[in-house]
Amino acid sequence: MDVLNVEYMLGLVPVLLRYLPLTLQLAGIGMVLALILACLFAVVRVLRIPVLNQLTIVFISFFRGTPLLVQLFLFYYGLPQLVSALTVIDGITATIMGLTMHFSAYMAESIRAAIVGVDRSQTEAALSIGMTNGQMMRRIVLPQATRVALPTLMNYFIDMIKATSLAFTLGVTELMGATQKEAAGSFLYFEAFIVAAIIYWIVVELLSKLQHYLEIRLNKAYSR
Amino acid sequence: MIKLESLSKHFGKTVVLNGIDLTIEKGEIVVIIGPSGTGKSTLLRCINFLEQPTAGTMTVGDLTVDVKKASRADILSMRRRTAFVFQNYALFANKTALQNIAERLLVVDNWPKEKAYQRAREILDQIGLGEKADAYPASMSGGQQQRVGIGRAMAAGAEVILFDEPTSSLDPEWVEEVLGLMKQLASERQTMMVVTHEMSFARDVADRVIFIDGGRIVEQGPPSEIFYNPQDPRTKDFLKKILATNPV
């Protein structure tokens with residue numbers, strides 16, 4: 001076996017870093033949309049809003065019960081076949097759709113658990129002063145549930161960043177796609193993928209630091 | 001003025017309130033006593049619609065509601081006319097003392113921020129916790145938390161403040177400061193309904209003491225009559241027991 005081609009690896013770093021913004025965009029947009037969707041799902045589930053509740057249960061069951069890759073292919077290759085207008089869906093859009101729905105299904109359940117975990121006295125106090133259900137959720141319950149759900153949600157975000165690598169199967173040249181192309185050109189597969197791995201790793205580590213900081217901030221109100 | 005007519009509450013087959021008729025004048029201090037599990041707390045919770053009463057009508061101020069036909073809007077306006085002080089304080093854990101008091105003014109009454117916080121500060125000073133404005137509930141003593149709980153109820157400007165065993169969760173050392181604040185409110189003729197086992201508070205502060213047993217009002221009257229000349233054997237029995245452990 002040849003020794004590692006370190007020079008090639010160092011040269012590859014700036015090349016691959018150019019594709020990191022797209023990876024982060026996919027994950028960032030996906031996360032924001034998934035969070036919004038997950039909060040809606042969780043509220044629907046907690047308040048047991050008729051019809052929507054049943055629909056949400058089926059949605060969550062489907063997107064948790066099937067592989068993300070299958071979902072991505074469904075959105076990218078499948079939907080345009082059914083509805084020809086949907087051929088406008090490009091790889092990036094399909095990836096964001098897939099990540100959003102897949103992860104919102106998981107996150108909805110952890111947000112729901114966090115909401116249910118908020119002490120009953122908190123909701124009673126909110127109602128007693130005349131808040132509507134919506135005000136109670138927005139101002140009292142969700143902020144408290146956020147603190148409980150944060151570690152799990154950050155885990156999903158980290159998971160999502162790594163899951164963006166599946167986008168290369170839809171022809172999106174993000175970090176993974178770019179690495180694949182570089183490796184195919186140089187035949188230095190190990191070098192290329194270890195550089196990609198390290199980039200992912202560093203991004204995730206930075207996020208863990210952010211998570212730690214956020215947890216301290218959110219816990220401020222609850223420490224003696 | 002508060003008027004309850006034939007108010008009842010059933011939990012399944014269990015009858016917790018069995019036709020309560022009660023009129024309370026503005027500025028009146030009413031203390032409700034009685035054995036555990038006889039519906040005292042449920043009565044207060046029904047007035048605040050934390051429990052949905054089964055039947056009867058309630059009037060608070062200029063709003064009369066037939067509880068069976070109560071719409072969502074009725075329930076909200078009834079809650080906004082009645083403020084609740086909880087046994088376990090139930091302060092909003094994610095909000096500071098100041099925010100806990102201002103919350104209702106901001107969200108329910110739509111006051112501008114500045115005005116709401118100014119009013120909340122006045123109340124904090126009034127309850128003697130001005131220096132705790134930015135403290136979160138977790139860092140306050142039980143007594144301080146309950147005073148903020150009362151402050152939150154004061155901010156509502158409600159027709160009546162409902163106190164549900166406000167000192168029962170407190171360590172003995174904090175009971176006096178909470179009762180002191182309640183006496184202060186009583187001296188300002190804030191209409192109050194108080195469920196408590198603090199018999200000395202009932203004797204010293206109440207205009208009227210109501211003894212409830214089995215979901216019914218058994219006996220009521222000024223404290224001098226209820227404590228020193230009870231008529232119903234159930235009242236006598238209860239007072240004998242409770243005064244043995246909790247002398248006035």
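How much space lies in the largest cavity? In this predicted model, the largest cavity holds about 40 Å³ of space, and a search of the whole structure finds 1 cavity of 30 Å³ or more. Its lining is made up of A:Ser128 and A:Ile129 together with B:Ala83, B:Phe84, B:Arg104, B:Arg152, B:Ala153 and B:Ala156. Within chain B, strand 6 (82-85) and helix 5 (142-155) each supply at least two residues of this lining. When the lining residues are sorted by class, 5 are nonpolar, 1 is polar and 2 are charged.

Attention then turns to the nonpolar interior. In soluble globular proteins, nonpolar side chains tend to be buried together. The largest nonpolar core of the model has 150 residues, and those with the most contacts inside this core are B:Leu43 and B:Met193. Helix 7 of chain A, which spans residues 133-163, contributes the largest share of the core, namely 15 residues. When neighbours within four places in sequence are left aside, B:Leu43 is in contact with B:Met193 and B:Ile212, as well as with B:Leu4, B:Leu7, B:Leu17, B:Ile20 and B:Ile32.

Strand 1 (residues 2-11) and strand 2 (residues 14-24) of chain B run antiparallel and are joined by 8 bridges. These two strands of chain B form a hairpin with 2 residues between them, and in the turn B:Gly12 has a positive phi of about 60°.

Notes. Residues numbered from 1 in each chain as written. Chains lettered and ligands numbered in written order. Predicted model: local features only at pLDDT ≥ 70, side-chain atom pairs only at ≥ 80, totals over all residues. Heavy atoms only, no water. Core = buried A, V, L, I, M, F, W, Y, C linked by side-chain atoms within 4.5 Å. Buried < 20%, exposed > 50% of the residue type's maximum accessible area, 1.4 Å probe, protein only. Helix = DSSP H or I, 4+ residues; strand = E, 2+ residues; numbered from the N terminus. Contact = heavy atoms within 4.5 Å. 1 Å grid on protein atoms, 1.4 Å probe; cavity = no way out; pocket = protein on both sides within 12 Å on 5 of 7 lines; lining within 4 Å. Points joined across faces, edges and corners; volume = space filled by probe spheres on them. Nonpolar A, V, L, I, M, F, W, Y, C, P; charged D, E, K, R; others polar. Pairing = 2+ DSSP bridges.
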